[in-house]
Amino acid sequence: MHWRDESPGLLPSAIRHLHLYFLLLRAQARSQGVYRVSFALDAVAAALITASEFAAFALVLPRFGTLSGWTLGEVALLYGLAELAFVLMDLAFGGFDAPNLSAHVRSGSFSTFLLRPAPLALQVFGSDFALRRLTRVVLAAGIVAYGVTHVEVAWSLGDVALLSGAVAGMIAFFGGLFVVGGALTFWTVDSVEAMNVLTYGGRTLISYPMDIYGEWLRKTFTYLIPAAFLSYFPVLHVLGRPLPDGLPGFAAFLAPLVGPALLAAAFAFWRLGVRRYQGTGT
Amino acid sequence: MTNLFFGALRVAVLVALFGSRPQVAGFTMQDAITYTGLTQAFIAAFSLFGWYDFMRVIHRGEVGGDLLRPVNVLAFWAAQDAGRAAGQFVLRGLPMLGLFALLWGAGFPGGPQAGLTVLSVGLAWACGFAFRFLVNCAAFWSPDAVGIGRFAWAAMNLCCGFLMPLALFPGWFQSVLAWTPFPAMLNTTVELWLGQRIGPDAWAALGTQLAWTVALFALAAMVLARGLRRLELAGG
């Protein structure tokens, strides 16, 4: 092999990495398909957890009419988008989730990632591809579909683009939070519980219209942790409602910027953590 | 802390649902807040997010060690879980309720109702334990019992009144649930705690809880015996 083959151009290297990534995914998908019954049950159960949570809300809502002026269809749109983005993020970024990564760090098996001749982040990306989560993707898409068909919106191409951008932004945003949580395991072996508040708590928080929360909570998750820009503002815009705090209309379009910005910062933090990693001596 | 944060979000959703209504299905807004504090407080004690301890012991074959003890396997596990649950309730549950009382004014039962409520808490744990144990016994027959467990916990969370008070569900769904043991695992305790069931009605509620507990324990003992026999046949 020539030296030149080791340093290919940018595009061929990207293709090679993508190929490698899909090889990792396929290997895991194969191993998960071995026990068919187990896989089917796990897949259904994964969806049932989401389903029961939303079902509980949907069953109760008729007693009350609306949730501070939001109909079931409107909440379904908000809830479904957050769930869809979170599950897709979980599929891609699962390897960075603190419990997964800290297990690798604790056992020392993280060292093998460093020894392999493949980019570290790529290996972590490909290390926890739980195929069973696909049922949750389908279910989340179903909730979104219910929402789309039960709101009074004359859907335009712009609306679809706006909400797609919101989902992409949310995937990057929550992915970034997973990466930060994973990187923290290089400093502390215990996974940091406060991160769960931001990741799982943040997901639940943006699943409902944010005007139901206290002023401080809403403002914290708007200006300090910019989660409101990801789904609440885009959905408000699509429904033709004004943004809170007199924010200008373009704030509804910032999700595709806010998410990737956080993700970039998260990977900078990740590199700091990896440099600190010393292994367990095994 | 995570628990409190999720509690705060759940309170916000319920408060927003109530809006300006003083009462819905026998629940005032204050009741709804107390309900949320209670369910958050019981998560750890009642293992509402799932429990796989006995399953693990079966899969690893360590259940053989359990059989060597001069005590009944089911009674041994029940005693162990009772201790764990009591510890969790005192160390995590009560502080959580205290915080809810402090932050949102969650209420506590008083007078004779308090005694009945304590009984109901105990029965809710027992009923829930028997169900959890039964689900774990699936491991005798299936190497995929974790999936069965996940399935069972998801159904339990919806049907025992953990996600929403059962009284707020549509009538048809409530009548279906009335024929299942799930309300006895949490919802009945909440109703007694809130004073929604008093006097003879409270005793009837406790009786139902007791009946389901006895039935589920009997079933668990039967399934366990069959499972253990099967294990011996397999030479485990």
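## An exposed leucine and its patch

With a relative accessibility of 67%, B:L91 counts as exposed, because the cut-off for exposed is over 50%, with buried under 20% and partly exposed in between (1.4 Å probe, protein chains only). This residue is part of helix α5 of chain B, residues 73-104; helices (H or I, at least four residues) are DSSP runs, numbered from the N terminus. Together with B:V90 and B:L94, B:L91 makes a nonpolar surface patch of about 300 Å². Such a patch joins nonpolar side chains (Val, Leu, Ile, Met, Phe, Trp, Tyr) within 5 Å, from residues with over 30% relative accessible area and no salt bridge.

This is a predicted model, in which local features need pLDDT of at least 70 and side-chain atom pairs count only at pLDDT 80 or more, while totals for chains, interfaces and linings use all residues. Residues are numbered from 1 along each chain as its sequence is written, chains are lettered from A and ligands numbered from 1 in the order in which they are written, and side-chain values use heavy atoms, leaving out hydrogens and water.

## Nonpolar cores

The largest nonpolar core has 166 residues, of which A:W270 and B:F54 touch the most other members. Helix α4 of chain A (residues 72-93) gives the most to this core, with 14 residues. A core is a set of buried Ala, Val, Leu, Ile, Met, Phe, Trp, Tyr and Cys residues joined through side-chain atoms within 4.5 Å.

Beyond four places in sequence, B:F54 touches residues including B:V73, B:W77, B:F133, B:F140 and B:L224. A second, separate core of five residues includes B:L123, B:L192, B:A202 and B:L206.

## Where the chains meet

In chain A, 35 residues are in contact (heavy atoms within 4.5 Å) with 32 residues of chain B. The two chains bury about 2,900 Å² between them, and 77% of that is on carbon and sulfur atoms; buried area is the accessible area (1.4 Å probe) that two parts lose on being put together, summed over both. On the chain A side, A:L59, A:R63 and A:F64 lose the most area to chain B, together 25% of what that side buries.

A salt bridge is a side-chain nitrogen of Lys or Arg within 4 Å of a carboxyl oxygen of Asp or Glu.

## Salt bridges

Over all chains, the count comes to 16 salt bridges. B:D81 forms one with B:R84, at 2.9 Å between the closest N and O atoms; both residues lie in helix α5 of chain B, three residues apart, about one turn of the helix. B:D81 is buried at 4% relative accessibility, whereas B:R84 is partly exposed at 26%.

B:R132 also forms a salt bridge with B:D81, with the closest N and O atoms 2.8 Å apart. B:R132 lies in helix α6 (residues 111-136) of chain B and B:D81 in helix α5, so the pair ties together parts 51 residues apart in sequence. Both B:R132 and B:D81 are buried. Elsewhere, a network of salt bridges links A:E53, A:E83, A:R136 and A:R203.

## Positive phi angles

Most residues other than glycine have a negative phi. A:D245 has a positive phi, near 60 degrees, and is placed in the loop between α12 (232-238) and α13 (255-276) of chain A. This residue is partly exposed, at 38%.

B:S47 has a positive phi of about 50 degrees. The residue lies in the loop between α2 (29-45) and α3 (53-60) of chain B and is buried, at 7% relative accessibility.

Note on methods: Patches are made of residues with over 30% relative accessible area and no salt bridge: like charges are joined within 9 Å, nonpolar side chains (Val, Leu, Ile, Met, Phe, Trp, Tyr) within 5 Å. Accessible areas come from the Shrake-Rupley method with a 1.4 Å probe; for residues, only the protein chains shown count as cover. Helices (H or I, at least four residues) and strands (E, at least two) are DSSP runs, numbered from the N terminus.
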